[in-house]
Amino acid sequence: MDSKMPVILVTGFLGAGKTTLINEMLRYLGPKGLHPALLINDFGKINIDSELIDKNYRTNIYEVSQGSIFCVCTRDQFFNAIEKIINERPVFDVLIIEATGIADTADLNDYIDQSGYDNKIEIVENICIIDAINFHKVYEILEAVKNQVRDATICVINKTDIAEKNGIDLKELEQYLRGLNDKARLIKATISKADFK
């Protein structure tokens with residue numbers, strides 16, 4: 001392999017809209033002739049999220065279950081899946097990784113560097129989906145949720161269409177996100193529809 005495979009990491013707490021965003025991304029990539037691989041991470045033996053992926057891409061799915069991909073307990077599964085994806089023919093153009101909702105991305109780059117895969121894959125975007133309705137309920141008790149925001153290159157604030165009806169001040173939410181990460185692009189979305197250009 002002459003160049004690194006670009007990786008788009010998608011994080012966000014449970015129910016934020018990660019899988020929906022990935023389906024929207026696939027609808028954007030497909031007509032451009034790009035061939036994406038999908039690595040879906042879930043905790044259960046049955047990976048529900050992979051069942052929700054657009055049926056046209058089901059054969060492109062690789063699964064890591066029974067733990068977060070950033071945990072030592074699934075390390076072998078994760079890198080075995082990466083190895084299969086890298087060696088697949090025809091070659092995949094991009095790898096989209098959907099992390100489990102409570103994945104802690106704080107040590108992500110070190111994790112990849114130490115794996116020996118740093119010369120084969122490169123995270124080009126780290127997209128964190130923010131559930132505008134429920135974010136305030138989880139960020140104080142789960143450090144992983146804060147780290148997902150801190151490490152993101154893009155934060156997609158989802159469910160903005162119903163936020164105000166639920167008593168959410170979007171400007172206040174944006175200020176909080178900026179306090180955690182002032183470098184990430186903030187994008188507002190409804191049903192995970194974002195401008196992928």
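**A tour from a helix crossing to the cores**

Start by selecting helix 6 (residues 143–151) and helix 8 (residues 170–180): they pack at an angle of about 80°, their axes 8 Å apart. Helix 6 is therefore roughly perpendicular to helix 8, a label that covers angles from 65 to 115 degrees. Axes here are lines fitted to C-alpha atoms over the stretch in contact, with angles running from 0 to 180 degrees between N-to-C directions. Helices are DSSP runs of H or I with at least four residues, strands are E runs of at least two, and both are numbered from the N terminus.

This is a predicted model: local features need pLDDT of at least 70, side-chain atom pairs count only at pLDDT 80 or more, and totals for chains, interfaces and linings use all residues. Residues are numbered from 1 along each chain, and side-chain values use heavy atoms, without hydrogens or water.

Next, show side chains at the crossing: K146, V149 and R150 of helix 6 meet Y176, L177 and L180 of helix 8 (contact means heavy atoms within 4.5 Å).

Now jump to the largest nonpolar core, 25 residues, where L39, I82 and L95 touch the most other members. Such a core is a set of buried Ala, Val, Leu, Ile, Met, Phe, Trp, Tyr and Cys residues joined through side-chain atoms within 4.5 Å; buried means under 20% relative accessible area with a 1.4 Å probe, protein chains only. Helix 3 gives the largest share, six residues.

Click L95: beyond neighbours within four places in sequence, its contacts include M5, V7, L39 and I82.

Last, pick I86 in helix 3 (residues 75–87). I86 counts as buried because its relative accessibility is 6%.

Definitions and conventions: Angles under 35 degrees count as roughly parallel, over 145 as roughly antiparallel, 65 to 115 as roughly perpendicular and the rest as oblique. Buried means under 20% relative accessible area, exposed over 50%, partly exposed in between (1.4 Å probe, protein chains only).
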